[in-house]
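Please look over the sequence and the model shown here before reading on.

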Amino acid sequence: MGFLERAIRNGVRDAVGKAVGNAITKAVEPKATEFVNKTAEHFDNASHNQQTQSSHTSGLEGAFKNLERATQGYATEMSRNMKICPSCGKSTTADKKFCPECGTQLPEQTVAEDAVCTKCGKQNTIGTKFCQECGEKLPSAIKEEQAIEKKNADIMAQWEEKLPCFPKWTCGGTNYCIEEYDIGCYGFSADFAGNHIAAKEAVIAYRQLLLQNGFRQAGQYPDIDHLYKKIDSVVYHASTEHCFDGDPDCPMIYFDKSEPTGGFDYVKPEPKKQIGLKDLFKF
């Protein structure tokens, strides 16, 4: 495979990804790869038949101008007989009523039908959120929002069980996740979709929420990134020190039961009084 063909192939593959979106890309990957390879080979062969550099360039430019439109149409046609499981993301054919992977009831509409505008009836490009004809929000976008809202609600319901002594997160973001990284130790994350400033502001807001709920700096080395609260002789600890180590747009806050260095009730000792000569002769 030559350099030109590799470049073309990558360009086509990127266009496929933009046309169908993440969930559907996985579903159509085998056919999409075949489509990519055939298109790249066709373009590469055509380029070798060009007699001059100028015609060579204009020919490729013309081909790439039509590429995304053709790819989007291809994706739409493939999606007419495709359903995506709302639970596990597995793709299956339109005749199925339940997901063969996890048993979840499948939507009645196919992926392509979810891109049809309910207001004007236009068949939109797969992955589009708003109708390209009238601007109406498409069923696929509404279902995606509803799925995210349900997932977030399910995660916050788990908060009551896993993190009952910590104030609930009310600071924005989406795609919530609670994961146990050690026995009784949890991490909570929220995605701010590329807005790292909003992510930082959310962490600051949650620190304030902790303080309002009785958490405080404690120990020999007090630090605003480590807040503690004692409840029935148990010390609860919330840490924001490393919350941006993994992803600046998706902070992870850590929760556990642990005391700070020196203990929760550590009190800094009074400095020793200096004894001078006058103190020695006092009587």
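Strand E7 (residues 252-257) contributes the most to the lining of the second largest pocket, with three residues. Strands here are DSSP runs of type E with at least two residues, while helices are runs of type H or I with at least four, and both are numbered from the N terminus. This is a predicted model, in which local features need pLDDT of at least 70 and side-chain atom pairs count only at pLDDT 80 or more, whereas totals for chains, interfaces and linings use all residues. Residues are numbered from 1 along each chain as its sequence is written, and side-chain values use heavy atoms, with hydrogens and water left out.

The second largest pocket holds about 160 Å³ of space, and its lining includes Phe255, Asp256 and Lys257, together with Gly184 and Tyr186. A pocket, on a 1 Å grid over the protein atoms alone, is an open set of points where a 1.4 Å probe fits, with protein on both sides within 12 Å along at least five of seven lines, and lining residues have an atom within 4 Å of a point. The volume is the space filled by probe spheres set on the points, which are joined across faces, edges and corners. Sorted by class, the lining has seven nonpolar, one polar and three charged residues, where Ala, Val, Leu, Ile, Met, Phe, Trp, Tyr, Cys and Pro count as nonpolar, Asp, Glu, Lys and Arg as charged, and the others, Gly among them, as polar.

E7 also belongs to an open sheet of five strands, which has the order E3-E4-E7-E6-E5 and antiparallel pairing; two strands pair if DSSP finds at least two bridges between them. The edges of the sheet are strand E3 (174-182) and strand E5 (226-231), each of which pairs on one side only. On average, neighbouring strands of this sheet are turned by 20° against each other, direction ignored. Helix H3 (residues 139-162) packs on the sheet and touches E3, E4 and E7, and its direction makes about 35° with that of E3. Helix H4 (residues 196-212) packs on the sheet as well, touching E5, strand E6 (234-239) and E7, with its direction at about 25° to that of E5. Contact means heavy atoms within 4.5 Å, and the axes are lines fitted to C-alpha atoms, for helices over the stretch in contact, with angles running from 0 to 180 degrees between N-to-C directions.

How is strand E4 joined to E3 and E7? Six bridges join E3 to strand E4 (residues 185-191), and these two run antiparallel; Glu180, for instance, has Tyr186 as its bridge partner in E4. Four bridges join E4 to E7, again antiparallel, and Phe188 has its bridge partner, Ile253, in E7. In the hairpin of E3 and E4, which has two residues between the strands, Gly184 takes a positive phi near 80°. E4 is mostly covered, since six of its seven residues are buried, where buried means under 20% relative accessible area, exposed over 50% and partly exposed in between, for a 1.4 Å probe and protein chains only.

Ala193 lies in the loop between E4 and H4 and has a positive phi of about 45° although it is not a glycine; at 69% relative accessibility, Ala193 counts as exposed.
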